[in-house]
Structures are given as structure tokens and as C-alpha cells.
Amino acid sequence: MPELPEVEVVRRGVANWVVGRTIEHVTVNDERSLRRHVAGPQDFINRVTGLTVTDAQRRGKFLWLPVTESHETDANRALLVHLGMSGQLLVASDGQPAPRHERLRFDLSPAPSDTGEQLPEQLRFVDQRIFGGMLLDPLVPSPQGGGSVPEHAAHIALDPLDPMFDTAVFHAALRRKKTGIKRALLDQGLISGIGNIYADEALWAAQLHWAAPTETMTAAKTQRLIEACQAVMRRALDAGGTSFDSLYVNVNGESGYFARSLNAYGRAGKPCDRCGAPIERVKFMNRSSYFCPVCQRKR
């Protein structure tokens, strides 16, 4: 499942290649990728064709492209993109073969290039498992602050890299939650963008046990945890994200390489990089948690 760093890498690619261009034609290869657009595929095609992409924005794992008519000054709608488990946004030239699992295709208006190079003419949505999709969604004021968000993403909390993220507010909500700390990190209504991989990495960096009760967290521990989340995600961004297979790629089809730098996730039986004790793996919410039993004692 793509997490914040992977989605941010895709957002940056879309911002570089797609923003400012008009959608001239939409091809729907699989209507299931538009199931969230309740008015149906033809309505989606009719309403999206002719719109200009004005920005590429993200909150947590949610990615959206504000759009507007060319003669309008304010965008009040956005293409909301659900990447799901295997969704990809790829830029491509018209002559490139269609990927096997291409579901949606957007032909874009020409764009000037400072270098004179030919820019990709298409944005393609590829999704092997079809858990993702798109919809045209109205933009509404964000309940958490920070401008507008798509209506279907309004419930999503701020992520730890958001300039408006408030650690003290998060700490108070965390204390009220009364659950395990890792479950809290995966709660997108409490803090967004953190999934299984980065939760394990941040908890390892902060030396906190995955099942530590949230009501026992001190302000100092919460501060340490948020700083660990921010540091882990920034390193992942520098590495282009984490790729374990071909399902996560950036807009140019390239994989990230942060998996080479993981300290906990996927390292069961290998020595902890801090103390040398073997990393342990336990079952957690139909997935796994990886942690050091020495550095991350449940206190």
C-alpha cells in the first residue's frame, strides 16, 4: 500500500508534468476504476474533458488535482485519486504501448518546454488490483485548516509533514484514544499518511513498543515519535519511496529504493542496527509488526 512518501513522489511528478495542461480526451478502459464517481463513466468523461489541471495536492495518502474551466479563475472541483494497493499515475507519450493494467487515459494539451524537449502527451491510471480509482469531487473547506480539500477526503487528519500539524493537539487526541500506539498511527482520522512500513520504522527510531498504550504516552514521548515519523518520511522521500515489487513506481515508472535503508520492517531475525538483538515479527491486524525486543520494550 503506498504511504505518504510514495504518494508525495507521485504528486511531485504530476506537478512537474501535468499541472497547467488541459484534458483534451478521456479514455475509460475499465469502468470499475470510476465506481466512486456515482454519476457513471459517461458523466465523468463529459465533465472532465476540457478541464485544466491547476495544481497537484496531497494530504496523507490522498492525492488530488484541482481542475477548472479555462475561462474560470477559481477551481472548486478536483480529480480525487485513490491509488489503493496497486494504483499508479504514469506520464507517457502517445506512441508508448499501453500498460497491461491501464484503466484510464487522459490526453493532455501540448505544453511548452524550457529545454525544447517533447513533454509526455498522456496521463495514465494503471491499477492491477482495481482497488483504486478516480472521481470528480467538489472542494470544501478543510475542517483541520489548510485550505480546501475534496469532499471525500475532508475527514482525513493532517499528516506529520504538513506545516499546520500540531504535535500538542495530536498528543491530546492520542491520550484520549486508549489503544496501542501503532493502531493509533494507522488511524487516518488521527494522523494521516502513515502505514504499516513507516509506523514500524518510526517506532523503531523512537524506541517505542508497537503495543504501548496511548494513554501512557508523555508529551516528550509523543514529540520523539513525531520527530521520528518526520525524519523517516523525509529520508524515504529523498530515496524516492519504498518499493518491494513493481506495483509502486513514480510517474516515470521508476521504483524507489528506501527499502534498502529499513531498520525494522521486513528484517525478522536480522540484528538490530542499534543493539544487535534479532528483530522480531509478530502478527498485527492481519499484517505484521517488526520491532527490536531490547530497544523497544513495552514499558
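This is a predicted model: local features need pLDDT of at least 70, side-chain atom pairs count only at pLDDT 80 or more; totals for chains, interfaces and linings use all residues.
Two packed helices are described by the angle between their axes and the distance between the axes. For helix 5 (residues 196-206) and helix 6, the axes come within 8 Å and cross at roughly 125°. That makes the two helices oblique to each other, and their crossing is right-handed. On the helix 5 side, the residues involved are Tyr198, Glu201, Ala202, Leu203, Ala205 and Ala206. They meet Arg224, Leu225, Ala228, Cys229, Val232, Met233 and Ala236 of helix 6. Sorted by type, the residues of this contact come out as 11 nonpolar and 2 charged, with no polar ones.

The other pairing brings helix 1 (residues 4-17) up against helix 6 (residues 219-238), with axes that come within 9 Å and cross at roughly 45°. Helix 1 and helix 6 are therefore oblique to each other, and here too the handedness of the crossing is right-handed. Helix 1 puts in Leu4, Pro5, Glu8, Val9 and Arg12, while helix 6 answers with Met233, Ala236 and Leu237. The tally for this contact is 6 nonpolar, 2 charged and no polar residues. Met233 and Ala236 of helix 6 turn up in the contact with helix 1, and Met233 and Ala236 are also listed in the contact with helix 5.

Helix 5 itself is mostly covered, with 10 of its 11 residues buried. The buried set runs through Asn196, Ile197, Tyr198, Ala199, Asp200, Glu201, Ala202, Leu203, Trp204 and Ala206.

Turning to the cysteines, how many disulfides does the model have? The count comes to 0. A disulfide is a covalent bond between the sulfur atoms of two cysteines, and the cut-off used for calling one is a pair of cysteine sulfur atoms within 2.5 Å.

Ile130 is not a glycine, yet its phi is positive, at about 60°. This residue is in the loop between strand 8 (122-127) and strand 9 (133-141). With a relative accessibility of 12%, Ile130 counts as buried, since the cut-off for buried is under 20%. Lys178 is another non-glycine with a positive phi, in this case about 55°. The loop between helix 3 (167-177) and helix 4 is where Lys178 is found. Its relative accessibility is 63%, so Lys178 counts as exposed, the cut-off there being over 50%.

Technical notes
Residues are numbered from 1 along each chain as its sequence is written. Side-chain values use heavy atoms; hydrogens and water are left out. Axes are lines fitted to C-alpha atoms, for helices over the stretch in contact, and angles run from 0 to 180 degrees between N-to-C directions. Helices (H or I, at least four residues) and strands (E, at least two) are DSSP runs, numbered from the N terminus. Angles under 35 degrees count as roughly parallel, over 145 as roughly antiparallel, 65 to 115 as roughly perpendicular and the rest as oblique. A crossing is left-handed if the near helix is turned anticlockwise from the far one by less than a right angle, and right-handed if clockwise. Contact means heavy atoms within 4.5 Å. Ala, Val, Leu, Ile, Met, Phe, Trp, Tyr, Cys and Pro count as nonpolar, Asp, Glu, Lys and Arg as charged, and the others, Gly among them, as polar. Buried means under 20% relative accessible area, exposed over 50%, partly exposed in between (1.4 Å probe, protein chains only).
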